[in-house]
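Here are some friendly notes to read with the model open beside you. They are set out as numbered points, and they begin with a question.

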Amino acid sequence: MEGLDPLGFTQDGVPRRDRVLNWFGLSAEALAEAVQQTRGSGSPSETTDHFVVQLAHLANAVTIGLERDTAKAAKWFRAPNPMLGGCSAMDMIQKGRIHRLQVFIESALQASVEYPDRVNLAGPGQAESVDSPGRRFDMRESADSPGSPGNGFGLSDSVESPRTEPGRAAERKIEAIAERIADHVTYRLTVSLGLPARLVCPSDEAEQAVVDAVARVATVREILVEVIDLRPAPAERLDAVTARLDGWESRAAKNALDPMRTLLIPRGFDVFGDDAHDGPIYPFRFKFQFDRKFLWLFVGQDASRMRFLFDSGQRPLYRAAGDITPEDWQQESRRL
């Protein structure tokens, strides 16, 4: 138990309320209000005791994830987090969104199993929020400098390296385009169109900017996001996605209310744009086009391969996703 409770909350196997509230700086009245807010947000059976257990679990999980640095963990809960719409973790707790915060944290820790040298904090529901092979959103990186490469998930003292003005201008342009894409994608989901989309990015930087922006805007709009980098093992990872889909069976629920759906972003999807990767695509198409659990944004960098996948009548993904690549990036892809 000591290894799982570095903050010393537990006594006789049960978290002590006074210790937990003291660590979070919550009064009994603030606790009661947070529980009430949580009940009002869709958890009518939430009890105060269970809420305290959740608080203890999340605090210990973040502390373990931050290499048992209790001061850094305490600061993490209070720092504004861009991936939480600018709110802090404490804001989420007090506004009745502790369950979404729990998904946010546990998804990051789950993802770190694959990359044990990193502690990952992605948006809520992102079990595999990957930016580039071997690199993920890191809660240890700076939450205090918006331009830092860690996307504002953590609390290190990292300093952004100096950039030339032309380089920064190009970066701002990429970020502006990424924000427009994010707003467009999440709007499509918000109005329940749920139309699959595909996007060609001209560079790793542009692709990462899109992933960051979509995750940030989706969090504000309370849309779950999961990002999967297919590139390290394309067939295996796509097969793993296929195995999670309902396919035809989901049609039985056609007249039922849709559950909260997750926006799935497969990165490096252009790896399948050749004859060598036909195998995993066919069962994926047959299942994904009828699945009701996920919404889709397919991302790649090779425009010709993405066209080969989605625009050829002889390919299984023909017209499976609409192209939302902005004109700026289409022109850049043509030059490349």
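Is Glu207 buried or exposed?

1. Glu207 is buried, with a relative accessible area of 1%; here buried means under 20% relative accessible area, exposed over 50%, and partly exposed in between, with a 1.4 Å probe and protein chains only. The residue sits in helix H8, which covers residues 204-220. Helices (H or I, at least four residues) and strands (E, at least two) are DSSP runs, numbered from the N terminus.

2. A word on the ground rules. This is a predicted model, in which local features need pLDDT of at least 70 and side-chain atom pairs count only at pLDDT 80 or more, while totals for chains, interfaces and linings use all residues. Residues are numbered from 1 along each chain as its sequence is written, and side-chain values use heavy atoms, with hydrogens and water left out.

3. Back to Glu207 and its surroundings. Its side chain makes a polar contact with the side chain of Gln301, at 2.8 Å. (A polar contact is a pair of N or O atoms within 3.5 Å; within protein, one must be able to donate a hydrogen and the other to accept it, and residues adjacent in sequence count only if both atoms are side-chain atoms.) Setting aside residues up to four places away in sequence, Glu207 touches Cys201, Arg231, Arg267, Gly268, Val299 and Gln301, where contact means heavy atoms within 4.5 Å.

4. Now the chain as a whole. There are 12 helices and nine strands, and 50% of the 336 residues count as buried. Of the contacts between residues at least 6 apart in sequence, 67% join residues at least 24 apart. The chain exposes about 15800 Å², with carbon and sulfur atoms supplying 52% of that area; accessible areas come from the Shrake-Rupley method with a 1.4 Å probe, and for residues only the protein chains shown count as cover.

5. The sheet deserves a look of its own. Five strands make an open sheet with parallel pairing, in the order S6-S7-S8-S5-S9; two strands pair if DSSP finds at least two bridges between them. At the edges are S6 (224-229) and S9 (322-323), each of which pairs on one side only.

6. Where does S8 find its partners? Strand S5 (residues 197-200) pairs with S8 (residues 294-300) in the parallel sense over four bridges. Within that pairing, Ala197 stands opposite Leu297, and Val200 stands opposite Gly300. Strand S7 (residues 262-267) also pairs with S8 in the parallel sense over four bridges, and the bridge partner of Arg267 is Val299.

7. How enclosed is S8? Seven of its seven residues are buried, so the strand is largely enclosed by the rest of the structure. Both faces are covered, with Phe294, Trp296, Phe298 and Gly300 buried on one side and Leu295, Leu297 and Val299 on the other.

8. Strand S5 is likewise covered on both faces: Ala197 and Leu199 are buried on one side, Arg198 and Val200 on the other. Two bridges join S5 to S9 in a parallel run, and Ala197 stands opposite Gly322 in S9. Helix H11 (residues 303-310) lies across S5 and S8 and runs at about 160 degrees to S5; axes are lines fitted to C-alpha atoms, for helices over the stretch in contact, and angles run from 0 to 180 degrees between N-to-C directions.

9. Phe294, in S8, is buried with a relative accessible area of 7%. Its C-alpha atom is 5.2 Å from that of Arg261, 33 residues apart along the chain. Beyond its neighbours within four places in sequence, Phe294 is in contact with Arg244, Leu245, Arg261, Thr262 and Leu264. Thr262, in S7, is buried at 12%, and residues that it touches include Leu224, Val225, Lys293 and Phe294.

10. Finally, please glance at helix H4 (residues 70-78). Its buried residues are Ala73, Trp76 and Phe77. Seen down the axis of H4, they fall within an arc of 95 degrees, so they line one face of the helix; the arc is that of the directions from the helix axis to the C-beta atoms. Asp69 caps the N-terminal end of H4, with a side-chain oxygen 3.3 Å from the backbone nitrogen of Ala71.
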